[in-house]
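Trainee: Please take me through one part in close detail. I would like to look at how the pieces touch.

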Amino acid sequence: MVSKVLVANRGEIACRILRACHEAGLATVAIYAQNDADSMFIELADEAVLLTGDTIGETYLDQQQILSIANRTGADAIHPGFGFLSERADFARAVTQAKIQWVGPSPEAIEKMGDKMTARITMRAAGVPVIPGEEIEHEDETDALEAIESASHRVGYPMLLKASSGGGGKGMRAVHSPDQLMEAAMGARREAIAAFGDGRVYVERLLTGSKHVEIQVLADRHGRTIHLGERECSVQRRHQKVFEEAPCATMTPELREAMGQAAVAAAEAVDYEGAGTVEFLLAPSGEFFFLEMNTRIQVEHPVTELVTGVDLVREQLRIAAGEPMSCGPLMMRGHAIEVRLYAEDAANNFLPAIGPLAIFRPPEGPGVRLDTGVREGDEVTPNYDPMLAKLIVWAPSRDEALQRMRRALDEFIVLGTTTNIRFLRELCDEAEVISGQTDTTTIDRLWPHGWSPSVPRSIEDAALMAAAVGESAGLHRTQQQASKGPEGPASPFSTLNRRFP
Amino acid sequence: MHHQFKSPEGPIEVTVARDGDAWRLGDIEATPMTDGRLRMVGPDGSVNFAHMAKVGDVWWVHHQGHTFRFERIEPGATDADDGGGLTAPMPGKVLQVLVEVGQSVAAGTTLMVLEAMKMEHRIVAASDGIVTAVHFNADDQVEQGVALLSLEDS
């Protein structure tokens, strides 16, 4: 039984989970750091508790503090979201020991999958294909560098150095020639130590021209482990996904079945419970290799939800409560695309941007979903990840979904903070994206020297004129006084017409 | 009315003329709406709405799917120059300083490594030069826009 869920996260994913809890009739507790005191997710919770401390380590990563809040508020489950403590086996263990339900897999499953090297070994044993490469267990810098150097001769170039505790592209380096190896290895170790407190880095062959295809799995305590089809997330920048879709444009039913079965085998090999994602590289040859398993809900889960009709977070809550999952046989319908809106300057090497969301007006209309944790008037700060929102569209076909995404991005207005909206919009016009022939090097190949917007002169001139008119007419002074009421069509009640046939 | 905005190529001068409720520039007509938007009518009669917001000295404009950021030059202000300093692109922490004062560096050399939002960012020499000053040490916190190092062209 679960009746009150503490959401140990913030921002967009906290909002997503809190809403799912409300829909499931569960009481909720949010936790927040002082610099999140005005954030939207707090308002969506029944109770919100301020975390003491300033740094992320003292707040959202403070296991003891979060556990004591759970006890104090009577929460009987903790949902970790993604990032933060979501893949920390020690936290999952502490939560379980405190007789609180962890919304996620067992600590043992997290451990086996969380350590990328152990995961490779476990998957090999389960018969799931892994990328050619070598595990390197040395913790000591000198030993590790020596072992990496030695492994490089056997693995061959180009190769990828990956932090064993890594994720989100942190502690990862592509190495194309031997003279880059040592600097890359030291950089990867440094980043891994800073981000995860574990500098172990292993070596994998870099499979260029591959697609990143991942399989969503769900497993409950009633003996059922299923897959919910694939998502393609090949379009990445520095190993950060920016454009995700389901299904994969080049997928065949046979390949989906084979990858789905491998993903189910991977989950079963660690007695998985809840929602998880098995990531694969899909080579042009049609061969696929296990990359890693994410033992949590994923950022891009909405595209699967839109094509399968399954509410993944709701299923997580159901499974955590000990109930069987509610989904029937896999049915995929239409096509869904997600883009990640970041506060970043795409034209300036994608540097994170900060500033106020003076105007934040997301698109609406059929087939458009927005998952966000911000609203107009909020401030984008350097304290947290710069992701502002996920914009997801659904349409009956891939072409129509892409058209809908273009339309939605054109309507999306964010002023006061630089965002990557225009970059995402132009991405939708690239031939590779239109054809679905994307791979993990798409962005680097399309814009090897960085991206800059192509702006028609007439539009820029009109915008300059708008700024000049704004200044001349003093619009910035009248704007504050202007009615803040909702725009668009008037309230339905004021136009109610009782015209019966 | 006459206004100046900054651009990478130099100041852009814009003069708009008032015409009743509307403003004109060439054959574009713009009319402020009560909600703060501008109704813009193009030479071909096409109608589009510009959304705007002013933050500090910067006008943010969204028009036809494009977002612009125009920094207004206050009348009489002179354009301050940072003297070739290399500035922090964002707030963060200095991870590594890879050069010393007096060192000659080639264009493309990594001078400093910053960490912000858990990612590493390299500060790279844009041209060949000699390092004339290093303003921060490893582990120092830096604000956005501060000069990190100074480089003199060689």
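Mentor: Start with a term: contact means heavy atoms within 4.5 Å. This is a predicted model, where local features need pLDDT of at least 70, side-chain atom pairs count only at pLDDT 80 or more, and totals for chains, interfaces and linings use all residues. Residues are numbered from 1 along each chain as written, chains are lettered from A in the order written, and side-chain values use heavy atoms, without hydrogens and water.

Now to the interface of chain A and chain B. Here 50 residues of chain A are in contact with 49 residues of chain B. The two chains bury about 4600 Å² between them, 71% of it on carbon and sulfur atoms. Buried area is the accessible area (1.4 Å probe) that two parts lose on being put together, summed over both. Leu464(A), Met465(A) and Glu471(A) supply 14% of the area that chain A buries against chain B, more than any other three residues.

Glu471(A) also forms a salt bridge with Lys54(B), with the closest N and O atoms 2.9 Å apart. A salt bridge is a side-chain nitrogen of Lys or Arg within 4 Å of a carboxyl oxygen of Asp or Glu. The count between the chains is two salt bridges.

Several elements give two or more residues to chain A's side, including α8 (178-196) and α16 (457-473). The largest share, 14 residues, comes from α16(A). Helices here are DSSP runs (H or I, at least four residues), numbered from the N terminus.

Compare domain 2 and domain 3 of chain A. Seven residues of domain 2 are in contact with five residues of domain 3. Salt bridges across that interface number zero.
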